[in-house]
Amino acid sequence: MLNYSLKRLASAIPTLLLLITVAFFLIRIAPGGPFDAEKALPEDIKANLEAKYQLDQPLIIQYVRYLWQIVQLDLGPSFHYRDWTVNELIAQGAPVSFTLGALALVLAFTLGTALGAWAALKQNSVADYSTMSVAMIGISIPNFVVAPLLVLVFAVTLGWLPAGGWSYSFSHLLLPTIALALPMVAYIARITRGSMIEVLHSGFIRTARAKGLPEREVIVQHALKPALLPVISYMGPAAAGILTGSVVIERIFTIPGIGSHFVQGALNRDYTLVMGVVIFYGVLIIVMNFLVDLLYAWLDPRIRYD
Amino acid sequence: MHRRAQRRISSQTVRWLGLIVVLTMALAATASDRTIHRGLGPEPDSLEIHQAQGLSAFNVLRDIHEGLLTRDSSGQPVAGIALEWHSDQQQRVWTFRLDPEARWSDGSVITADDFVRGWSLALDPARASPTAHWLDPIESFRALEPHVFEVQLNIDTPWFQELLTLPVTFPMAEHPELSSGPFMLEQRVPGSQIQLLANPFFRQADQVWPDQIIWHVTEDPGAELSRFRAGELHITESVPPGRYRWLRQQLGQQLRVSPYLGSFFLGFNLSQPPFADNLELRQALSLAIDRRLLVERVLGSGELPAWRLIPPGLSGWPQSIEAAHANNDQARIERSRRLYQQAGYSAERPLEVELRFNTSLSHRRLAVAVAAMWKQHLGVRTRLVNEEWKVFVTNRRQGRITQIMRGGWIADWSDAGNFLQLFESDSPLNYTFFSDPEFDRLLVQASQASSAQRQSLLYEAEQRLLDQQAIIPLYYYVSRHLVHPDVQGFADNPMDIHLSRWLSLADRTDQNQ
């Protein structure tokens, strides 16, 4: 297991290097630079700015210098938000996105698997169809419709909860968590239902029932674990995506996560900010996928990493 | 016995509850009494006076710093740190006497040396201030005495007083985090909010009502509207486009729309065909557009139709908003058709053209309407090209593939020259590539003329630009805010500058008295 983990970590380094290289050159190929604006700057002022951020150097030198910075865990200054370094921006935004993402994940996982399993057990009944129809609606209605609706009802009309802003409090977290989790609940419910039905028809469940095990034990002990495998493999990348922030939800609820940095960074051609978020995102995906593989081994005894 | 114990408990409970209620009320009173919540728009690019560039940064900086001059509630330049000032006859040498009561937020005195420090740093190329070029008219500056500051200009600068209200001209303390303005920065969460507290050392601290300003970052106008309606904001930075009528119905006088010193136009690329050397074609396209229909039906937020570049509301500027043909639709269209034919185009040989704009719902709506008018009246085939923001500004600047593009200008200060500089032959802002020696000469002449003469020279230059039809003016901007009925001291003004120090909340003031 340790051997496997080390191998996985070693293989992550070239992956990251490739990611950094491609992203570094791609963002620079994009037309326009960080200092282009509606009111174009005089040439000498622009030259001063480029010199300050070392954009006047040959690209390859900028690249090597950037790699050296990364090795020192320094993501550089933001070109657009000039009072902050990228490290500071990510350090401020990541805990916010993490908190919101983690809550949404827990909610989505708990509710999604419960609904999915329940629908599978009641297969082809009214309960099954109605749950799955609601799930289908949940998948089809995008975040940017659900979120403003929640705001309209619970903040503007009823005045129970704030319409936006951020603090680590229940009232500020509730609506964005629900809005972020809803499509995932629906998706997880559908995956769980499908795989649960498959598992319930498999040989070892029939054996378990034939042995005379109580139905509850058959479901919880034997059926649920293998039925969750596809959910887990979906949760890995989904977690990475949701933990790094949802642009839409952050915008609608004015939440200072890192999702908006990604988009604003790209729009502003804030090279260092985009790179910082890309690297952060890349590392997170690698870690999440690794964790999913470890979880797999725990859930399915047939999988061994030796 | 049992009952007595119970009574004792209940009376204790009541006492505790009472204490909690009193404490909570006291806390609530200190926390929210004199707090004004304002929408800010996007996260400011910087709160350092020399690095800031965007409007949102300027709005916050005007709260935490003050220049030689500042703005009153109606946006007019008034005395700031300078108590009084005078100039020589040519208006080239200006002397400012500073308020001896002016203090930094640590209590130390603000002196002329702090201005020398600030201005020197602004001009230091190593600091790369993006607004340093605004100081171009300044030849030299020095501290004559601890409270006397002298500035020498190299050209006539009628906007000099307004320049002195801009962050790049603010003083700088030895410790740059100190504030010279009515408020000081308490906390800043990027992407969320900026909390300011009243500066007790501010020279007019007793005249500032709010003890706390919270600027909320509001990237999305829709979200900002929700927060306003939920009672979380007193003033918004903007309103969602295209919902003017609904907002007026729902929020009545809380919706504040007012003329803004900005102009929206379409620019022709004059460096290549089909628009280089084809004045008739440019005129035909301009005349075919019904501005009134555009502002009423397509934009519908109180914008004013434009036939000229420079918006009304500029002091001393002639108020000729509409051209003679603006009101006579039939004559206008007929003339447009005639010119179109003279330019060598017809129904059989229609003009095919690209209209380029940056991605935005309101720009698209406008472009669709313009293309429809060209199609209807002239038979022009227009291809709409929308581009991501940076791609658009780069293409527009390079002028290799552009034909007709969205253009606009929001004034840095209320001066016609600020608009006209866009069309100087060698200006980096000139994306129409309009190049007219006579126009350039008029601008140079205006920069050396007396103020009355200057206005007429600039007017002449504007007329030349319009006669050459380098642009199609479409409308003048308006500023749009939602302002809670409790808010006092918020006065609409063409620069759309609203310093927090002039604001107060009506109901709560009454409660406190």
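Q: Reading along the sequence, what pattern does chain A follow?
A: In this predicted model, chain A reads α-α-α-α-α-α-α-α-α-α-α-α-α along its sequence.

Q: How many helices and strands is that?
A: Chain A has 13 helices and zero strands.

Q: And what box do the C-alpha atoms of chain A fill?
A: Along the principal axes, the box is roughly 85 × 60 × 30 Å.

Q: What share of chain A counts as buried?
A: The figure is 35% of its 306 residues.

Q: What about contacts in chain A between residues at least 6 apart, how many join residues at least 24 apart?
A: Of those contacts in chain A, 74% join residues at least 24 apart in sequence.

Q: OK, chain B now. How many helices and strands there?
A: Chain B comes to 15 helices and 18 strands.

Q: Box and burial for chain B?
A: The C-alpha atoms of chain B fill roughly 110 × 65 × 40 Å along the principal axes. Of the 513 residues in chain B, 45% count as buried.

Q: Which share of the chain B contacts with a separation of 6 or more comes from residues 24 or more positions apart?
A: Such residues account for 67% of those contacts in chain B.

Q: Let's pick a strand. Is strand 15 of chain B mostly covered or mostly open?
A: Mostly covered: strand 15 of chain B spans residues 404-410, and five of its seven residues are buried.

Q: How does strand 11 of chain B run relative to strand 15, and how many bridges join them?
A: Strand 11, residues 255-268 of chain B, runs antiparallel to strand 15, with seven bridges between them. One bridge pairs B:G267 with B:M405 of strand 15.

Q: And strand 13 of chain B, parallel or antiparallel to strand 15?
A: Parallel, over two bridges; strand 13 of chain B covers residues 352-358. In this case B:L355 has B:I404 of strand 15 as its bridge partner.

Q: Why does B:G39 count as buried?
A: Because B:G39 has 26 C-beta neighbours inside 10 Å, and the cut-off for buried is 20 or more.

Q: Which residues does B:G39 touch, leaving out those up to four places away in sequence?
A: B:G39 touches B:H216, B:T218, B:E224, B:L233, B:I235, B:T236 and B:E237.

Q: What separates the C-alpha atoms of B:G39 and B:R397?
A: Their C-alpha atoms are 32 Å apart, and the two residues are 358 residues apart along the chain.

How values were computed: Residues are numbered from 1 along each chain as its sequence is written. Chains are lettered from A and ligands numbered from 1 in the order in which they are written. This is a predicted model: local features need pLDDT of at least 70, side-chain atom pairs count only at pLDDT 80 or more; totals for chains, interfaces and linings use all residues. Helices (H or I, at least four residues) and strands (E, at least two) are DSSP runs, numbered from the N terminus. A residue is buried if 20 or more other C-beta atoms lie within 10 Å of its own, exposed if 12 or fewer, and partly exposed in between; C-beta atoms are placed from the backbone. Two residues are in contact if their C-beta atoms, placed from the backbone, lie within 7 Å. Two strands pair if DSSP finds at least two bridges between them.
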